[in-house]
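Have the sequence and the 3D view open, and try each task before you look at its solution.

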Amino acid sequence: MWHILIGTTFIGISEEYLFRGLIFPQILKAIGTWTHKDLYSAIGISSLLFALIHVLNLTGQDLTATVIQMVNAFSIGCLFCAIYIRSGSLLLPIVFHSLWNFGIFGLDGAILTPRSIFWMIIFNTILLAITAYDLREQKLSQRDIWIEKLVS
């Protein structure tokens, strides 16, 4: 179990640093008009890239499992972006990502990943609703300290 914990922690650190720490801010900076629509677009694009990287898992699992994992990765990537924006730090997304992966690998995903299309739709709808709710009052302006820090 220790090797799984260490491996999932490393994955959480590296993927969060790449997708939320580097890619997301650069997309937001490239869009640059500082509206909620732009924020959601940057979240969506970075989460789509996060989902697409999971296609590499086709080497160890079937197509259906990979597609489900990619859909889940998109939604959870959106949520991790919201957590990053709200907290202003990569620490919480890293912790949640590492725990999520540990639950998937260490607990065989029994309680974390939906096994049917119906539950996958419900699960991902809930994740996206939480993300949208969490970001509903996020102040966006070019002078916002967090955004300036994020895109610098």
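This is a predicted model: local features need pLDDT of at least 70, side-chain atom pairs count only at pLDDT 80 or more; totals for chains, interfaces and linings use all residues.

Residues are numbered from 1 along each chain as its sequence is written, and side-chain values use heavy atoms, with hydrogens and water left out.

**Exercise 1. The whole chain**

Task: Find how many helices and strands the protein has, and what share of its residues is buried.

Solution: 
- Step 1. Start with the terms: helices (H or I, at least four residues) and strands (E, at least two) are DSSP runs, numbered from the N terminus.
- Step 2. The protein has six helices and zero strands, so from the N terminus on you read α-α-α-α-α-α.
- Step 3. Next comes burial: a buried residue has under 20% relative accessible area, an exposed one over 50%, and a partly exposed one lies in between (1.4 Å probe, protein chains only).
- Step 4. Of the 152 residues in the protein, 41% are buried.
- Step 5. Contact means heavy atoms within 4.5 Å. Among the contacts with a separation of 6 or more, 68% join residues 24 or more positions apart.

**Exercise 2. α1 against α2**

Task: Work out how α1 and α2 are oriented to each other.

Solution: 
- Step 1. Axes are lines fitted to C-alpha atoms, for helices over the stretch in contact, and angles run from 0 to 180 degrees between N-to-C directions.
- Step 2. For α1 and helix α2 (residues 36–53), the angle is about 140° and the axes are 9 Å apart.
- Step 3. Angles under 35 degrees count as roughly parallel, over 145 as roughly antiparallel, 65 to 115 as roughly perpendicular, and the rest as oblique. That makes α1 oblique to α2.
- Step 4. For handedness, a crossing is left-handed if the near helix is turned anticlockwise from the far one by less than a right angle, and right-handed if clockwise. α1 passes α2 in a right-handed crossing.
- Step 5. Residues of α1 in this contact include F19, I23 and I27, and those of α2 include L39, I43 and F50.
- Step 6. To sort them, count Ala, Val, Leu, Ile, Met, Phe, Trp, Tyr, Cys and Pro as nonpolar, Asp, Glu, Lys and Arg as charged, and the others, Gly among them, as polar. The contact of α1 with α2 then has 13 nonpolar, two polar and three charged residues.

**Exercise 3. α3 and its partners**

Task: Describe how α3 packs with α1 and with α2.

Solution: 
- Step 1. Helix α1 (residues 2–31) and helix α3 (residues 63–87) pack at about 65°, with axes 11 Å apart. They are therefore roughly perpendicular to each other.
- Step 2. The crossing of α1 past α3 is right-handed. E16, R20, G21 and F24 of α1 meet G77, F80, C81, Y84 and I85 of α3, a set that divides into five nonpolar, two polar and two charged.
- Step 3. α2 and α3 pack at about 135°, with axes 8 Å apart. These two helices are therefore oblique to each other, and their crossing is right-handed.
- Step 4. Among the residues in the contact of α2 with α3 are G44 and L48 from α2, and A73 and G77 from α3. By class, this contact has 13 nonpolar, four polar and no charged residues.

**Exercise 4. Single residues**

Task: Decide whether E16 is buried or exposed, then do the likewise for T131 and T9.

Solution: 
- Step 1. E16 sits in helix α1 and counts as buried, at 0% relative accessibility.
- Step 2. A polar contact is a pair of N or O atoms within 3.5 Å; within protein, one must be able to donate a hydrogen and the other to accept it, and residues adjacent in sequence count only if both atoms are side-chain atoms. The side chain of E16 makes one with the side chain of R20, at 2.7 Å.
- Step 3. T131, in helix α5 (residues 117–135), is buried with a relative accessible area of 5%. Its side chain reaches the backbone oxygen of L127 at 2.9 Å.
- Step 4. T9, in helix α1, is partly exposed, with a relative accessible area of 29%. T9 and F102 are 93 residues apart in sequence, yet 7.9 Å apart in space, C-alpha to C-alpha.
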